[in-house]
Every structure is written in structure tokens, then in C-alpha cells.
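I opened this structure to look up a few things and write them down. The entries follow in the order I made them.

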Amino acid sequence: MTLTLLCPGALANPVEPERVLARVPFIHRALRRLVLLPLNVDAQPAAGLSENPGGVSNPRETPEESWLRQQFKIPQRFRLGAFAAQGASGVTQARLVVRPVHLHIGLDHLVLSAPSELQLSADESADLMNSANDWLLQEGVRFEALSADLWNTVLADDSAQTLTQLDAASSRMATGRNIDAWMVQGPKARTWRRLCNEVQMLWHTHPVNQRREARGAMVINGLWLEGGFGPLPPTQYDQLIATDPAWQGLARAAGLGADQLVSANLQDVEKRLADTDPHRRVLAISDDWHRSLLSGDAAQWLAAWSSLDQLLAAMAARVGVSQIQLICTGQRSCWQLRLSAQARWIPPLRASLRACLEERA
């Protein structure tokens with residue numbers, strides 16, 4: 001079995017006061033240290049992804065999304081977050097997928113809150129969507145629910161069809177940040193922003209938001225264009241272990257069936273691999289680090305590295321693991337380690353990670 005572990009956010013720092021973490025991500029040092037070990041280990045920045053995905057000051061997607069784009073041969077016109085809709089309601093592709101979101105108002109800007117934290121019910125979603133559809137009817141734009149937090153955009157006339165040329169930044173990239181740098185781009189960007197502003201005003205006093213505000217939940221006050229998705233070439237992987245619907249949908253679009261898709265957190269990966277065919281190529285994606293970054297929980301971020309340490313120990317005791325590839329990403333960086341099946345790489349790797357953890361704990 002070959003195992004590829006993708007660890008989004010593992011190289012990024014959560015909010016970090018008081019003795020928890022240094023300003024420089026310590027795992028970078030652990031990875032560089034491994035290069036000097038007399039082992040069959042290849043530790044290096046991932047090709048083309050080391051600093052800035054897309055080569056621009058404000059990349060449109062995260063390093064893990066760029067890495068997955070390469071692995072799954074995803075066309076540039078598709079956005080990875082939109083694949084969360086794959087398989088919903090029988091839809092296999094969509095050109096414009098949007099999320100109802102919460103935009104936090106700062107002193108002079110708006111910040112996108114994590115869509116996964118909204119806990120939007122199906123009924124709330126339907127009420128908000130129907131009110132937006134009534135208002136946008138004259139614009140030739142209509143939404144159809146793929147799930148409670150993800151809608152497909154149906155464009156009724158030729159003028160609205162030009163909206164398909166919009167370039168959308170990943171909501172995963174923009175979450176927690178000033179949205180000005182990640183607004184849609186393209187010839188119809190101004191038109192889309194106008195429509196979003198109209199919906200925002202429409203929802204301001206909507207009964208759904210009044211009820212949500214009364215119970216202390218975040219109101220739904222914006223739309224985030226996630227982009228489009230469609231079928232992909234067959235993937236090189238035989239199994240995916242991940243909890244994010246976007247990663248599950250991505251694998252489904254690349255030909256994996258329901259029996260090849262497993263939902264599990266990092267600490268459960270080894271257990272999920274217990275009955276795996278030894279000849280399988282497995283991709284496991286852990287969002288443990290990413291979730292801790294969204295919440296600013298440094299302790300949870302460190303706990304994710306401890307879970308990885310335990311997983312490596314379990315892999316060392318397993319028979320039939322021919323290779324492990326570890327992909328760690330930060331805000332702009334992406335490092336990859338290719339580890340051979342030789343048992344001797346496990347103790348130095350674990351020792352290196354543990355030393356850094358103990359140094360910063």
C-alpha cells in the first residue's frame with residue numbers, strides 16, 4: 001500500500017500568544033532537518049507550489065488546492081470548493097456554484113466567516129433562496145439548492161450567461177480575511193457585485209435572519225461565488241479518506257465510487273486502513289490543522305501533530321506499507337516528503353517532529 005497524507009495548514013501558525021508557538025513555523029525546520037539524515041527520504045518544497053500558488057500577490061486558492069489541482073488534473077476553470085456539490089441532487093457539473101455566507105463587518109472592511117460554521121438548515125436555506133430568486137427573476141438569474149449551504153446558479157438569458165466568465169477565488173482561501181483582495185474578477189464582476197449587494201439588502205431584515213440573530217447564530221448576509229465543477233480524468237488513487245465534502249466530491253468526479261470514499265479524522269486513519277487492500281494507493285486528507293487555524297486554537301493545532309506522530313508509529317508497525325508521502329501546507333507554502341518502506345525512517349522522523357513539538361510546547 002502507498003499512503004499519501006495531505007495536511008492542510010500544518011505549516012501555518014494559528015493565533016499564538018504566550019509561549020505556545022514561535023513566529024517561524026517550526027515544522028519547516030523539522031522538514032529541512034530530515035534532508036540531512038542518512039535515510040531514503042526526499043524532503044523538499046513541492047514543485048511550483050513552494051511560496052505562492054498562481055504566482056500572484058493574492059492567490060485564488062490555497063496551496064493544498066493547488067496541489068490537488070495538479071494531482072487530479074483539474075482544469076483552471078473549475079474551483080475545488082465547488083466539488084462539494086458533486087453528486088448532490090444528481091448534478092454532475094455546474095458552471096456557477098454559490099454559498100450563502102456570513103460576512104463579518106470590521107472597521108473598514110468585510111471578513112468572510114467559515115461557511116462550515118453557519119449550521120444553516122435546509123428550511124432556512126430554502127426560505128433565503130426563494131426570496132433571492134423572486135428578486136433576481138428580472139435579472140435572468142435563479143438559484144437551485146444542491147445542499148443547504150451550496151446552490152447552483154441557473155442563468156436564463158444571454159446577458160446573464162456572460163457571468164460564467166467570472167473568476168472566483170476559493171472561499172477556503174478567503175475565509176477569515178478581508179474579502180476585498182478575493183472578490184470575483186472578470187468582465188462582469190461589477191454586475192455580480194451589484195446582484196450580491198441587492199441580495200444582501202434583501203436578507204437584512206429577512207425572518208430567517210431575525211430568528212438566527214435572536215438565538216445568537218450568525219446571520220446569512222452574503223453570497224460567495226465558489227466557481228464551477230465538472231467531470232475529471234480518472235484519478236491515480238484507489239481510495240480517499242477525508243471529511244470535507246469538497247474533497248469527497250472531487251474524488252467522486254474523478255471516478256471513485258461510494259465504497260472507495262471514507263470519512264475519518266486523522267486519529268482514525270490507521271483504523272480505517274485496517275482492511276485496505278495492500279496494493280491500494282490511498283490519499284488521506286486531514287483538516288485538523290485547518291480547523292484549528294479557523295478557530296485560532298493553537299493547542300488543537302499541536303494536537304494534530306501529536307495525532308500524526310501516533311499515526312506514523314502505527315504505520316511503522318504495519319506490514320505492506322511500501323511508501324508514505326507526507327504533504328504539508330501553510331498559508332503560501334507546500335512541502336512534501338517521500339518516505340521509503342525501510343523501517344529505519346520512522347524513528348528519526350518521529351524524533352524530529354517530537355523534538356520540535358517539545359521545543360515549542
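What percentage of the 361 residues in the protein chain do buried residues make up? I found 53%. Buried means under 20% relative accessible area, exposed over 50% and partly exposed in between, with a 1.4 Å probe and protein chains only.

I noted the ground rules next. The model is predicted, so local features need pLDDT of at least 70 and side-chain atom pairs count only at pLDDT 80 or more, while totals for chains, interfaces and linings use all residues. Residues are numbered from 1 along each chain as its sequence is written, and side-chain values use heavy atoms, with hydrogens and water left out.

**Entry: overall make-up.** I looked up the secondary structure and got twelve helices and 13 strands. Helices (H or I, at least four residues) and strands (E, at least two) are DSSP runs, numbered from the N terminus. I then took the contacts between residues at least 6 apart in sequence, and 69% of them join residues at least 24 apart. Contact means heavy atoms within 4.5 Å.

**Entry: aromatic pairs.** I found six aromatic pairs. Rings of Phe, Tyr and Trp (its six-membered ring) pair if their centres lie within 6.5 Å; planes under 30 degrees apart count as stacked, over 60 as edge-to-face and the rest as tilted. Phe143 and Trp151 have ring centres 5.5 Å apart and planes at 40 degrees, so I wrote them down as tilted. Trp151 also pairs with Trp203, with centres 6.0 Å apart and planes at 90 degrees, so that pair is edge-to-face. Trp151 lies in strand β7 (residues 150-155) and Trp203 in helix α6 (residues 189-203), so the pair ties together parts 52 residues apart in sequence. Trp151 is buried at a relative accessible area of 0%, and Trp203 is buried at 0% too. Elsewhere, ring pairs link Phe78, Phe83 and Phe229 into a cluster.

**Entry: helix α7.** Which residues of α7 are buried? I listed Val208, Asn209 and Arg212. Seen down the axis of α7, the buried residues fall within an arc of 90 degrees, so they line one face of the helix. The arc is that of the directions from the helix axis to the C-beta atoms. An α-helix has 3.6 residues a turn, so residues three or four places apart point the same way. The buried residues of α7 pack against α3 (122-136) and α6. Just after α7, Gly216 takes a positive phi of about 85 degrees.

**Entry: Val219.** Val219 lies in the loop between α7 (207-214) and β8 (222-229). Leaving aside neighbours within four places in sequence, I found Val219 in contact with Val101, His102, Asn209, Arg212 and Glu213.

**Entry: largest pocket.** I looked up which residues lie nearest the centre of the largest pocket, and they are Arg99, Ser116, Arg172, Asp244 and Pro245, out of 26 lining residues. A pocket, on a 1 Å grid over the protein atoms alone, is an open set of points where a 1.4 Å probe fits, with protein on both sides within 12 Å along at least five of seven lines; lining residues have an atom within 4 Å of a point. The largest share of the lining, four residues, comes from α10.
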